[in-house]
Amino acid sequence: MALATSPNTLLLRNPTLPFLKNPNFNTTTTTHLNLNLTTKPISIKCAATSQTQTQIQDRPLPQSQDRVFNFAAGPATLPEKVLLKAQSELYDWRGCGMSVMEMSHRGKEFLSIIQKAESDLRTLLNIPSDYYVLFLQGGATTQFSAIPLNLVDPNDTVDFVVTGSWSDKAFKEAQKYSKPSLIWSGKSEKYTKIPSFHDLEQNPDAKFLHICANETIHGVEYKDYPTPKNGLLVADMSSNFCSKPVDVSKFGLIYAGAQKNVGPSGVTIVIIKKDLVGNAQKDTPVMLDYKIHADNNSLYNTPPCYGIYICGLVFEDLLEQGGLVEVEKKNQKKAEILYNAIDGSNGFYRCPVEKSVRSLMNVPFTLEKSELEAEFVKEAAKEKMVQLKGHRSVGGMRASIYNAMPLAGVEKLVAFMRDFQARHA
């Protein structure tokens with residue numbers, strides 16, 4: 001007798017079916033199986049209903065021959081441990097009978113995920129209680145508009161330091177909603193420096209000072225931060241977010257796209273002092289109003305649920321590594337190895353950035369013989385090192401060595417660089 005069943009019915013009644021044990025099993029042949037179906041229901045308990053969630057046991061990372069060292073600037077490489085955990089929880093999140101991608105964003109399961117993610121991020125960065133943490137969408141680029149719309153009136157002056165492409169884009173967008181003043185630009189020197197803070201001629205009536213903490217394209221990173229004379233410090237930290245400890249209390253607002261250091265594309269994190277929320281310009285779109293998102297705990301509309309879940313796993317991983325102090329030490333070691341290889345190549349490789357402000361995350365470099373650059377990228381790809389081509393606006397090469405890039409990846413790149421030089425010098 002034929003049974004009217006759905007695939008889900010088969011799965012729930014027969015958790016030991018071959019295609020559950022073997023992911024490569026051909027499910028099209030299930031009509032020929034001798035299925036001993038039972039109508040006895042099974043009970044599914046969701047660990048999220050209790051405060052002590054069952055943690056999946058750590059297991060050795062597989063030595064996959066298919067994984068490459070991905071030096072992309074973003075979306076970027078993620079920790080293998082995180083990917084494997086997400087893989088193990090993809091089909092059925094911790095006994096809930098559904099994937100995170102299927103959950104209601106207002107259900108208790110996802111609420112436990114987003115609350116845990118926020119809690120762990122607060123621990124990582126030691127975020128004071130008088131700051132909101134918002135999980136938003138639209139990328140850091142959307143914040144170029146949201147920040148002036150929320151923090152100032154249309155005729156208010158705001159100061160910008162432009163150290164690369166991203167701070168330049170933020171400055172230009174702010175012109176639509178405020179009166180931005182360009183108090184320093186590194187464009188004439190091809191964005192290879194950061195100004196001395198003492199030389200910044202800040203406007204005394206500026207409502208905030210905006211910087212980009214790390215320029216992804218040009219590889220320039222602040223090692224310390226300026227103090228606004230009158231107002232707030234606002235920072236785009238997209239490409240060095242959670243790569244090192246930061247004193248959040250020095251900032252009125254920090255924002256970052258997640259897709260470089262803490263998750264997949266689609267999540268934007270905003271950390272904002274609470275007393276700055278609630279003064280948006282009257283024509284501010286509802287989705288750009290921080291108060292709307294703060295009042296609704298980042299759940300005003302459907303958030304990027306799966307992306308937030310992955311961010312949460314990354315935060316857990318960073319904490320397990322010992323926090324951002326330990327993470328920074330690893331990043332410093334990786335960057336030192338790569339910069340030493342560049343500087344020790346007798347000019348075959350060159351990094352144009354001033355040494356004191358070189359990024360620990362994004363390392364741009366060129367070849368003395370520029371005609372060899374395409375060959376360098378091609379040969380590196382054959383050795384399973386990908387996305388080394390520089391940004392289209394500047395050319396050359398760029399190795400992004402975010403938190404999740406293992407030391408082995410940098411060591412392999414350096415060995416390849418030396419071999420390439422030996423063959424082409």
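Modeller: Start with helix H5, residues 139–151, which lies across E2, strand E5 (208–212), strand E8 (232–236), strand E9 (253–257) and strand E10 (268–273). H5 runs at about 160 degrees to E9. Bear in mind that this is a predicted model.

Those strands belong to an open sheet of seven, in the order E2-E10-E9-E8-E5-E3-E4, and the pairing is mixed. At the edges you'll find strand E2 (131–136) and strand E4 (179–185), each pairing on one side only. From one strand to the next, the twist averages 15 degrees.

Over at the E4 end, strand E3 (residues 157–162) pairs with E4 in the parallel sense, over six bridges. If you want a spot to look at there, valine 162 stands opposite serine 185 in E4. Helix H6, residues 165–174, lies across E3, E4, E5, E8 and E9. Its direction is about 160 degrees to E3.

Now go back to the end of H5 and follow the chain on. The loop between H5 and E3 holds proline 154. That proline is partly exposed, because its relative accessible area is 42%, and the band for that label sits between 20% and 50%. Leaving aside residues up to four places away in sequence, proline 154 touches Tyr177, Ser178, Lys179 and Gln281. Proline 154 and alanine 174 are 20 residues apart in sequence, yet their C-alpha atoms are 9.6 Å apart in space.

For another helix lying across strands, look at H9, which covers E11, E12 and E14 and runs at about 15 degrees to E12. Those three strands form an open sheet, ordered E11-E12-E14, with antiparallel pairing. Strand E11 (349–350) and strand E14 (397–400) are at the edges with a single partner strand each, so one side of each has no neighbour in the sheet. E11 pairs with strand E12 (residues 362–367) over two bridges in the antiparallel sense, and arginine 350 has threonine 366 in E12 as its bridge partner.

H9 (residues 324–343) also meets helix H11 (residues 407–424): their axes come within 9 Å and cross at roughly 5 degrees. That crossing makes H9 roughly parallel to H11. On the H9 side the contact is made by Lys333, Lys334, Ile337, Leu338, Ala341 and Ile342, and on the H11 side by Leu407, Val410, Leu413, Val414, Met417 and Arg418. Sort the residues of that contact by type and you get nine nonpolar, three charged and no polar.

Technical notes
Residues numbered from 1 in each chain as written. Predicted model: local features only at pLDDT ≥ 70, side-chain atom pairs only at ≥ 80, totals over all residues. Heavy atoms only, no water. Pairing = 2+ DSSP bridges. Helix = DSSP H or I, 4+ residues; strand = E, 2+ residues; numbered from the N terminus. Axes fitted to C-alpha atoms, helices over the stretch in contact; angles between N-to-C directions. Contact = heavy atoms within 4.5 Å. Parallel < 35°, antiparallel > 145°, perpendicular 65-115°, else oblique. Nonpolar A, V, L, I, M, F, W, Y, C, P; charged D, E, K, R; others polar. Buried < 20%, exposed > 50% of the residue type's maximum accessible area, 1.4 Å probe, protein only.
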